[in-house]
Amino acid sequence: KNSVATLVFLAFVAILTIVLSSVHAVPTTPSDKPPEPPKTVQIEGIWESDLGVVYTVEKKVDIYLVRCTSGDIGVGRLNGNTFTFGFGGSVKAGLAVYHIEKTDKERKRVGEWTTVPGNGKWNEEILTKIKPLNKE
């Protein structure tokens, strides 16, 4: 029973993630200029958070599977340089929204996340890509 409820809940979180990432991605360019196509960003790999959590991000067709060392799993969407994913575990669920930035030396995801149950606030987090995903 618990596994069915968890799967239903994760499906709800996935739908919410897709809807919210679409809202954040509305272009605001003037109508006389065609919008520039989004740059392709490579986010598959192993990422480490400044909070000590390690994330594995793997692309599956059009979505991204996210696994965390905290035990949470999630599903996400990349839209331009914005990566949004819903996640859940045995006691909580949440939503994370990150902007991917590239510096001279590394790629970072800078963003916010929140959970239910939680403190009702958005929490800041910076993730740094530590290695590519080994797909062997």
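Which residue in β8 is the bridge partner of V110? It is I126. Welcome to a predicted model, in which local features need pLDDT of at least 70 and side-chain atom pairs count only at pLDDT 80 or more, while totals for chains, interfaces and linings use all residues. Residues are numbered from 1 along each chain as its sequence is written, and side-chain values use heavy atoms, leaving out hydrogens and water.

**Strand pairing**
- Strand β7 (residues 107-116) pairs with β8 in the antiparallel sense over 6 bridges; strands are DSSP E runs of at least two residues, numbered from the N terminus, and pairing takes at least two DSSP bridges.
- In the hairpin of β7 and β8, 6 residues lie between the strands, and G120 takes a positive phi near 80°.
- β8 (residues 123-131) also runs antiparallel to β1 (residues 45-49), joined by 4 bridges; here S49 has L127 as its bridge partner.

**Aromatic rings**
- The structure holds 5 aromatic pairs, counted when ring centres lie within 6.5 Å (planes under 30 degrees apart are stacked, over 60 edge-to-face, the rest tilted).
- F85 and F87 are tilted because their planes stand at 50°, with centres 5.8 Å apart.
- F85 and Y98 are stacked, at 6.1 Å and 15°, and both are buried (under 20% relative accessible area).

How values were computed: Rings of Phe, Tyr and Trp (its six-membered ring) pair if their centres lie within 6.5 Å; planes under 30 degrees apart count as stacked, over 60 as edge-to-face and the rest as tilted. Buried means under 20% relative accessible area, exposed over 50%, partly exposed in between (1.4 Å probe, protein chains only).
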